[in-house]
Amino acid sequence: MIEILKLTKQYGDFTAVDAIDLVVPRGELFGFLGPNGAGKTTTLRMIAGILKPTGGTIRVAGVDMRADPITAKSKLGFIPDRPFIYEKLTGSEFLRFVAGLYDQRGDEVEHRARELLALFDLEEWRDELVESYSHGMRQKLIISSAFVHRPEVIVVDEPMVGLDPKAARILKDLFREYTNRGHTIIFSTHTLEVAESLCDRLAIIVNGRIKAYGTMVELRRDLEGGERGLEEIFLRLTGENAARNLMDVLDA
Amino acid sequence: MPEQQDFGAALAPRRSGSQRTVGMLPDPPLLHLLLPKWLTARSRAASGEKGRGARIAVLAVTGFLFWAFVFGVLYRLLTYFRGVQEIGQLLAGKLLGLILLGFTSILLLSNVITALSSFFLAKDLDMLVAGPVDWLRLYGAKLLETVVASSWMVLLVSVPMFTAYGMVYDGGWFFPLVVIALMLPLFVIPAVVGSAVTLALVNIFPARRTRDILSVIAVMTAGGIVLLFRLIRPEQLARPEGFRSLVDFIAVLRTPTSPLLPSEWVQKATMGYLNGEPDWLAMYLLWTTAAAAIVLGALLHRWLYLDGFSKAQESAQQFVRGGGRLARFGDWALKPLGTLRRELVLKELRLFFRDTTQWSQLILLAVLVVVYVFNIKYLPLRGEGITFFLVNVVPFLNLVLAGFVLASIAARFIFPGVSLEGRTLWLLRSSPMRVRDLLWAKFWVGTTPLLILAVAIVGVTDYMLQVTDFMFYVSVITITLMTFALSGLAIGFGTMFPQFETENAAQIPTSFGGLLYMMASVAVIGGVVILEARPVYSYLSAKAFGTVADPTELVLGFGAAALLCIGATIVPINIALNRLEAVER
């Protein structure tokens, strides 16, 4: 459903994403992990068609993003990490607008929008301007907007930021149920417990390169991790020594 | 498992020898609070932003020309006043008093609005209010910020004004120091009063609602002043038959305009100094009032600020029920556009009309149009010496002025369109929407009202001027094509020089791209008028002398003008399409 081949992104001399290959099949919930600045957001934004790759190819639902971006994007929903949306639209107007971008309107869209807002406890706020929403409420609205047009693939950057525990739980269940119905979701997160418990497969990216890739069982096997959890595997790959000089820092 | 670290020692209390003495509370000085502003300004000055040098050069030249103009006009006027026996000096004083009264009103209004941002909405406030910052220091820092942000423009205008007074009345080298001593309290007093008014308002209304109310009040006041000034037709006051006797006139001049206002004290002290009779009372009143205002303002701040700041965090509840008659009509009327374009147009309209800072500027626009039409109405185009040519050339020149008005409106409303999408570009770029559709919506939502306005202005003024049918059609067709060109240029330059990080739409046209847009607009307006001048002249000559105009000349001239307009519409939009496709955010 998502096929990435030799995907590269360079900013001048700096290589943010370095020739990565990735395949996320239909119906899979895929976790994309890595330390800050590793290239997660850049990769996801390239898959969403926001950033143009320097090299390599991206295929979404079989459609090449470079050759036919409009068709590829029509099969896609994107949830960014920063919830910037139109302040002067109401919640329901925003969802209607997003559906309109995908050329969808009518009773079915209205029904879906109502259901999604109700799911995230935003029903009472549907006719209020977004400017009065809290950070978490905006995030919930953006998440709803990615589902309102029923895309085949959803790309999510840091979905749990700003969400209350109830909304986080709903989102996890929603992700699971959505992929069970044959759709595909790729998401980045720093919450390793969520990734470990939720994802079918994972990739860990460090300095723009994929260091590990597979199911939890495969990761443990490949890294000779025994019964180690994802946190230990992650720290091992990304440099567990980062915390080594804590004493020196705090004593300074 | 990584080895468990022992944090006991690391988290133990600070060892002796740390910088702060135990028991003393931190107390960051006022200058420290202003440090980020200073550093920001310094790094902005040092940044190598694209086109910065050119922008500074253009601004410097424009600024110098403006100074020279203000200085030149005042210098001539004051020299004339100085030569008039008895009343010359009184006139100069009266003029200064009126200008300073205007300054004070502008300062007060601008301080009320600036104080809302600096005291209640600024992004650094969370940190400052949460930090161990003394209330008086916070007040001092924010007041200083407010004074600087709201007074610099008045300061710039007052430089050539006082220079003219100083030179005409031989103020000497000491005069600038006197002016500084007089103007400082004049800047401080409105800042304190403005901040106090804002403080009171925020305690009554939520901050966002206060901002809305203030922006509408500000715009209506500014519009009202302009309208009032124009409608009283000040040019009539210059007529000598307007005064019954010299004695009456002098009596009016001697009466202070507003004896209790600081502007009057500045005027008295300035004129007193220039006439060799220093008015120490005025100086004393200015400084004591400023000092007292700061003390009272600080006390009010101590009493009300925290409550107000807390209230400012609450957002104004704004329920917007959909499905009203207007919304249903919009839905129905825009149905032929298809789902995507209809939603894009509706979004543009909703965002505009729900943002008070945007639509309130329409009031100013209305004032501008009224003043424009009013000026045309009172043009002395009847009577002796007014030829057939003059009557028909005025509507032609009217096109130039109308073009400038339209370019300014497009700069304010159409130019920022793409920049304002900066923060939501992720949504538009990740959707299957074509960039062409977005620009299409922005172009038409901006151009349609502009076109109606353009045709209305030109149509009404042509009707008032009673021009010939030929000139009427030339004017209306030209202004229509010119409107499309100005909109196309606004979309093009707005996309080529976007300001994605700026939240305030009113600031976007003042960017380098905005300046280039205005220059391109002036070039197109000038080009169209020059291309049409020849055919219009030959037609009018033929009409006046009863001959037939050369059709080739007419077709060539008007055709070239039309081509220029069409090119100026299409080319920038196509460049914008490519640019927006390449934007990565």
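**Entry 1: B:Ala407**

I looked up B:Ala407 and found it in helix α15 (residues 388-413) of chain B. Helices here are DSSP runs of H or I with at least four residues, strands are runs of E with at least two, and both are numbered from the N terminus. The model is predicted: local features need pLDDT of at least 70, side-chain atom pairs count only at pLDDT 80 or more, and totals for chains, interfaces and linings use all residues. Residues are numbered from 1 along each chain as its sequence is written, and chains are lettered from A and ligands numbered from 1 in the order in which they are written.

Is B:Ala407 buried or exposed? I noted it as buried, because 25 other C-beta atoms lie within 10 Å. The cut-offs are 20 or more other C-beta atoms within 10 Å for buried, 12 or fewer for exposed, and partly exposed in between, with C-beta atoms placed from the backbone.

Next I listed what B:Ala407 touches, leaving out residues up to four places away in sequence: B:Leu486, B:Met518, B:Ser521 and B:Ile525. A contact means that the C-beta atoms of two residues, placed from the backbone, lie within 7 Å.

**Entry 2: confidence**

I checked pLDDT, the predictor's confidence in each residue, from 0 to 100. Chain B has a mean of 83, and 86% of its residues reach 70 or more. Among the elements of chain B, the highest mean, 94, belongs to helix α18 (residues 469-496) of chain B, and the lowest, 64, to helix α8 (residues 246-254) of chain B. Residues 1-5 of chain B stay under 50, and the model gives them five contacts beyond four places in sequence. For the complex, the predictor gives an ipTM of 0.79 and a pTM of 0.73.

**Entry 3: a sheet in chain A**

I traced an open sheet of four strands in the order β2-β1-β4-β5 (chain A), with antiparallel pairing. Strands pair if DSSP finds at least two bridges between them. The edges are β2 (14-24) and β5 (63-64) of chain A, each pairing on one side only.

How many bridges join strand β1 (residues 2-11) of chain A to β2(A)? I found seven, and the two strands run antiparallel. A:Leu7 has A:Ile20 as its bridge partner in β2(A), and A:Lys9 stands opposite A:Val17. The two strands form a hairpin with two residues between them, and A:Gly12 in the turn has a positive phi of about 65 degrees. β1(A) also pairs with β4(A), antiparallel, over five bridges; there A:Thr8 stands opposite A:Gly55.

**Entry 4: domains of chain A**

The domain assignment gives chain A domain 1 (2-75 + 153-251) and domain 2 (84-150); such bounds come from an automatic or database assignment. I read 26 Å between the C-alpha centres of domain 1 and domain 2 of chain A. Ten residues of domain 1 of chain A are in contact with nine of domain 2 of chain A. On the domain 1 side, helix α6 (residues 165-180) of chain A supplies the largest share, three residues.
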